[in-house]
Amino acid sequence: MSVSEVLAARRTCRSFAPEPLADWLLDELVDKARRTPTAGNCQGVEFLILEGTDQVTSFWDTTLPSDRRGGFPWPGLLSAPALVVPFGLPEVYLKRYSENDKVASGMGGDKADWAVPYWLTDAAFSMMALQLLVVEQGLGCCFFGLFDNEAAVRQRFGVPDTARSPGVLAIGHPDEAALRPSRSSSRVRSPLATVAHRGNW
Ligand SMILES: Cc1cc2nc3c(=O)[nH]c(=O)nc-3n(C[C@H](O)[C@H](O)[C@H](O)COP(=O)(O)O)c2cc1C
């Protein structure tokens, strides 16, 4: 599949069969996904990879305890056999932007000096690449936010306190029988002319 074909085929999958992924798959795809650009070539994004029942169950117990699952609209999401949580490490960016070729940016001292937190930009880029790689493999995925669970996930899985994440990618074999579009997914894509502003907004 070409990149264009993968982009055209990609839709968020929110219901998975419990079938595990091939042993080699996640390492290979995450390795490819981290070839996305990073600011100043910081390479300051690291990945929490949760695979198999124990690790995935532990994630859901941390973020969506069983007593809150009753009204959860996407129970099939919890069957995904793997979750990848990218974390950007701000201190890596501050250190890199203190180096000689970057110090003039004034971004080497304090996170508050960053108009855009590039550690989150870079982490999100890696997840977009991972989504395309997953679809290329004929698998499905859903990117979703951590909402107010980010600190709990850091604590549960030993992630450094300073690390920040844009969200989680659930990966697995789509459960074709249970797939149904969300309200968000069924929104019509805007015509290009309404979003592309040529020469002037
Ligand atoms: C930053 C971000 C956060 C998202 N959070 C959620 C989420 O919490 N739950 C969910 O079911 N989908 C989530 N999605 C998936 C979007 O709802 C989905 O991409 C959108 O509806 C478009 O549908 P499509 O991916 O099938 O094209 C998120 C997507 C992005 C980019």
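G108 counts as partly exposed, because 16 C-beta neighbours lie inside 10 Å. The scale behind that word runs as follows: a residue is buried if 20 or more other C-beta atoms lie within 10 Å of its own, exposed if 12 or fewer, and partly exposed in between, with C-beta atoms placed from the backbone. You can find G108 in the loop between α4 (90–96) and α5. Not counting residues up to four places away in sequence, G108 touches L94, Y97, S98, K102 and V103. Two residues are in contact if their C-beta atoms, placed from the backbone, lie within 7 Å. G108 and L78 are 30 residues apart in sequence, and their C-alpha atoms are 40 Å apart in space.

A word on what you are looking at: this is a predicted model, in which local features need pLDDT of at least 70, side-chain atom pairs count only at pLDDT 80 or more, and totals for chains, interfaces and linings use all residues. Residues are numbered from 1 along each chain as its sequence is written. Helices (H or I, at least four residues) and strands (E, at least two) are DSSP runs, numbered from the N terminus.

**Other loop residues**

G40 sits in the loop between α2 and β2. Leaving aside its neighbours within four places in sequence, G40 is in contact with R96, Y97 and K102. G40 is partly exposed, because 18 other C-beta atoms are within 10 Å. From G40 to I171 the separation is 131 residues in sequence and 29 Å in space, C-alpha to C-alpha.

Q43 is also found in the loop between α2 and β2 (45–51). Here phi is near 50°, a positive value in a residue other than glycine. Q43 has 13 other C-beta atoms within 10 Å, so Q43 is partly exposed.

F147 is not a glycine, yet its phi is positive at about 50°. Look for F147 in the loop between β4 (140–144) and α6 (150–157). Is F147 buried or exposed? With 8 C-beta neighbours inside 10 Å, F147 counts as exposed.

**A strand residue and a helix residue**

F16 lies in strand β1 (residues 16–17). It counts as buried, because F16 has 25 C-beta neighbours inside 10 Å. Leaving aside neighbours within four places in sequence, the contacts of F16 are G76, S79, A80, G140, G172, H173, P174 and D175. F16 and P81 are 65 residues apart along the chain, while their C-alpha atoms are separated by 8.0 Å.

T194 belongs to helix α7 (residues 192–195). With 7 C-beta neighbours inside 10 Å, T194 counts as exposed. The C-alpha atoms of T194 and G52 are separated by 44 Å, and these residues are 142 residues apart along the chain.

**Two helix pairs**

Two packed helices are described by the angle between their axes and the distance between the axes. Axes are lines fitted to C-alpha atoms, for helices over the stretch in contact, and angles run from 0 to 180 degrees between N-to-C directions.

| Helix pair | Axes come within | Crossing angle |
|---|---|---|
| α2 (residues 25–33) and α5 (residues 118–136) | 8 Å | roughly 135° |
| α3 (residues 53–63) and α6 | 9 Å | roughly 140° |

How are such angles named? Angles under 35 degrees count as roughly parallel, over 145 as roughly antiparallel, 65 to 115 as roughly perpendicular and the rest as oblique. α2 and α5 are therefore oblique to each other. α2 passes α5 in a right-handed crossing; a crossing is left-handed if the near helix is turned anticlockwise from the far one by less than a right angle, and right-handed if clockwise. On the α2 side L29, V30, K32 and A33 meet S126, A129, L130, L133 and V134 in α5. These contact residues of α2 and α5 divide into seven nonpolar, one polar and one charged. Ala, Val, Leu, Ile, Met, Phe, Trp, Tyr, Cys and Pro count as nonpolar, Asp, Glu, Lys and Arg as charged, and the others, Gly among them, as polar.

α3 and α6 are therefore oblique to each other, and their crossing is right-handed. S58, T62 and T63 of α3 make this contact with A152, V153 and R156 of α6. By class, the contact of α3 with α6 has two nonpolar, three polar and one charged residues.

**Around the ligand**

Which residues surround the ligand? They are R11, T12, R14, W74, C142, F143, F144, G145, G167, S182, S184 and S185. By class, this shell has four nonpolar, six polar and two charged residues.

Technical notes. Near = placed C-beta within 6 Å.
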